[in-house]
Amino acid sequence: MKRKYETRYFVTDVASVPVVRVYSKTEMYRQAAKDGWGVVYRDETNTLVCDEDSSANFYMKNGGYYGISGNDEVITKEMPKQPECAAIIVSDSCGFTYWAEDISRVRFFVSYDENGLIDSYRMEYGDSPIYDGEVEITFEDLYERADEDWQENYRAEIPGTIEYRNKQEANKLAEESGETWMDDKQREQFRRVCHRIDRINRAWDFWVTMQSLEYDFDKEIINAARKFKKCYTFAQYEQPQEVARREELMELYEKYALAVEDATEAGAEAMQMASCARTSKAAPAPSDTTLTEEEVKFFNETVARVKYSVNVNVPIEVMDHEQLTGTNKEALGICWAEDDGTGKPRPFKITIDEYFIHECYVAIEKPYMKIIPETLEQVIAHEIAHLHVWRHGKKHTELTLHICSLIEKGEPHGLENSGAAPARGAEQVTTAAMHSNNTHDLSSIRGERKIIMTKTEYTAAIEADLTAANALCAELRTLRNFKKIAQTITDADKMVSFETLDKTITGKEAELQKLRSALDKNRRIVKKLEEIEAIETGTTDAPKPKKNTAQDKPAGGEAKGKKSAGKKGGTKAAQGKANDAAPEQPKAEQPAA
């Protein structure tokens, strides 16, 4: 039986591009020129157009040429008839298809890479120059694939192809994971699942990825990859901004939690049970702190005050959380726990990030440098709450608030030891980490940390406000000029939302007014502090106390007389204040009549 077509391939590092040689001229012409057969179709206006990713080249016997390409309108009267064609070459997103009366006139030009694979390729009909780096080959020199290998498994055996590199990587991953039971196909699936897991950056990504993996891969492969990548629960990837939605999405998250009994060497890995990140077999030892002696003293005094008010049996230490991995790098405080053998976490340590301690200490000296959370006690209270309620939630929040109130009272109260809350899937070491947005509104818990700012600090605040005010003024000038220019342009409302622009200007003006109010207030304070400083240094006298006018108030009749006298004599009334301060002159005695 005569073959209708023959297929060979340009084999590149990323794909195999088919080249189909058709033996039927009628079949080839129909594919290139007839509506709905591949290259051309009729649009909604019944116009014949070329498909957007296709092209057709007609070479006539008389040496003429006619070509159409993507989205071109085809003028049927100009298109050559079938008997006039000597060769037809069609290209689309899949590859090339061609027919020629003289197949020797169809020429193939390629260049090769360092692995011997085709780097660039082109097809021409008739005479054509050979460019630098190119060689001319024949159709028979192209790769011929076995008919049954429709999945192109042959590419995995050709060095330099992406499939070959993927196969080598899959074999390496399978060897590292110890999953030797997988065949080549399963190893490739294992590699793809591992790559999907590596792209998880958030708790929501965890849920979406696990859901999609179930549809694309076998569960056995998925679990093997999760064990190898230590991907157990959503909490390993939870970001601070996702904490607010945890309770809402907990049911979805826990659906894909990998049970401890399903994990290889589960006891040797740490799982986060709250907003935590996985750690090693034991909590890292506290590194040499970079805190100053004053900062260490401040931290120890704070811890002592907390332990005096709340019953805490675990040590509270300083640690540089930057040495940890995952989201724990950003944690302000961490409660470390180990598995007690029954699936419950047994807390054994609380650590506070040393740089956060430094920020809290600086906030004492410079209250205008506001940080969140506002107190060191708040973070410690949050971690102490984990000793009784492991997971974040309503109960944990309420307990944190209660602990903070006990610390605020400063009396020995203590907490009942309710024991560690059960945590499904707890492993040897677990951490519950507090990030900067896991805080509560506890701004009233200040204690002795409320310190008045000095003149230098007020001056620094004034300079900062001045800089911000100047920047706001510049923005306002720009916005107002832009609005003024836009109003002179015809149909500017189609390009510019004047309503939004007005709201922006109003908001900037309100912000500027607040800054000016703060500036005026700070300047008055600085002026008053300068007066006090001048008095203390003796460069000026202290202001005299104001006279108590209530004690020197004259009787009713005398006051009335002075009042009427003031109405009659304007000059005397205007000098009344000076006359009041002058000593009273004795009246001259009148001689007897």
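**View 1. Helix H5 ends at a residue with a positive phi angle.** Lysine 230 follows H5, and its phi is positive, near 55°. The model is a predicted one: local features need pLDDT of at least 70, side-chain atom pairs count only at pLDDT 80 or more, and totals for chains, interfaces and linings use all residues. Residues are numbered from 1 along each chain as its sequence is written, and side-chain values use heavy atoms, with hydrogens and water left out. H5 spans residues 219–229. Helices (H or I, at least four residues) and strands (E, at least two) are DSSP runs, numbered from the N terminus. Which residues of H5 are buried? They are Ile221, Ile222, Asn223, Ala224, Ala225 and Arg226. Buried means under 20% relative accessible area, exposed means over 50%, and partly exposed lies in between (1.4 Å probe, protein chains only). The cover over these buried residues includes helix H3 (184–198) and helix H4 (203–216).

View 2. The protein chain holds 15 helices and 15 strands. It has 593 residues, and 40% of them are buried. Take the contacts (heavy atoms within 4.5 Å) with a separation of 6 or more: 65% of them are between residues 24 or more positions apart. The chain exposes about 35,600 Å², with carbon and sulfur atoms supplying 49% of this area. Accessible areas come from the Shrake-Rupley method with a 1.4 Å probe; for residues, only the protein chains shown count as cover.

View 3. E7 runs over residues 85–91. How many of its 7 residues are buried? The count is 7 of 7. E7 pairs with strand E5 (residues 55–60) in the antiparallel sense, over 6 bridges. Two strands pair if DSSP finds at least two bridges between them. Methionine 60 has cysteine 85 in E7 as its bridge partner. E7 also pairs with strand E8 (residues 96–100), again in the antiparallel sense, over 5 bridges. Here alanine 87 stands opposite alanine 100 in E8. A hairpin of 4 residues joins E7 to E8.

View 4. Serine 111 sits in strand E9 (residues 106–112). Is serine 111 buried or exposed? Its relative accessibility is 11%, so it counts as buried. The side chains of serine 111 and serine 120 are joined by a polar contact of 2.5 Å. A polar contact is a pair of N or O atoms within 3.5 Å; within protein, one must be able to donate a hydrogen and the other to accept it, and residues adjacent in sequence count only if both atoms are side-chain atoms. Leaving out residues up to four places away in sequence, serine 111 touches Leu117, Ile118, Asp119, Ser120 and Gly133.

**View 5. Salt bridges link side chains of the protein.** Side chains of opposite charge can pair when their charged atoms come close. A salt bridge is a side-chain nitrogen of Lys or Arg within 4 Å of a carboxyl oxygen of Asp or Glu. The whole structure has 22 salt bridges. One of them joins glutamate 377 and arginine 305, at 2.6 Å from N to O. Glutamate 377 lies in helix H9 (residues 376–386) and arginine 305 in helix H7 (residues 293–309), so the pair ties together parts 72 residues apart in sequence. Glutamate 377 is buried, at 5% relative accessible area, while arginine 305 is partly exposed, at 24%.

**View 6. Lysine 483 reaches aspartate 502.** The closest N and O atoms of this salt bridge are 2.7 Å apart. Lysine 483 is partly exposed, with a relative accessible area of 23%. Aspartate 502 is partly exposed too, with 30%. Elsewhere, salt bridges that share partners join Glu6, Arg8, Arg21, Glu140 and Glu144 into one network. Within this group, glutamate 6 pairs with arginine 8, their closest N and O atoms being 3.2 Å apart. Both glutamate 6 and arginine 8 are buried.

**View 7. A nonpolar patch includes methionine 495.** Ile485, Ile489 and Met495 make a nonpolar surface patch of about 330 Å². Patches are made of residues with over 30% relative accessible area and no salt bridge: like charges are joined within 9 Å, nonpolar side chains (Val, Leu, Ile, Met, Phe, Trp, Tyr) within 5 Å. Methionine 495 is placed in the loop between helix H11 (455–487) and helix H12 (498–537). Methionine 495 is exposed, with a relative accessible area of 62%.
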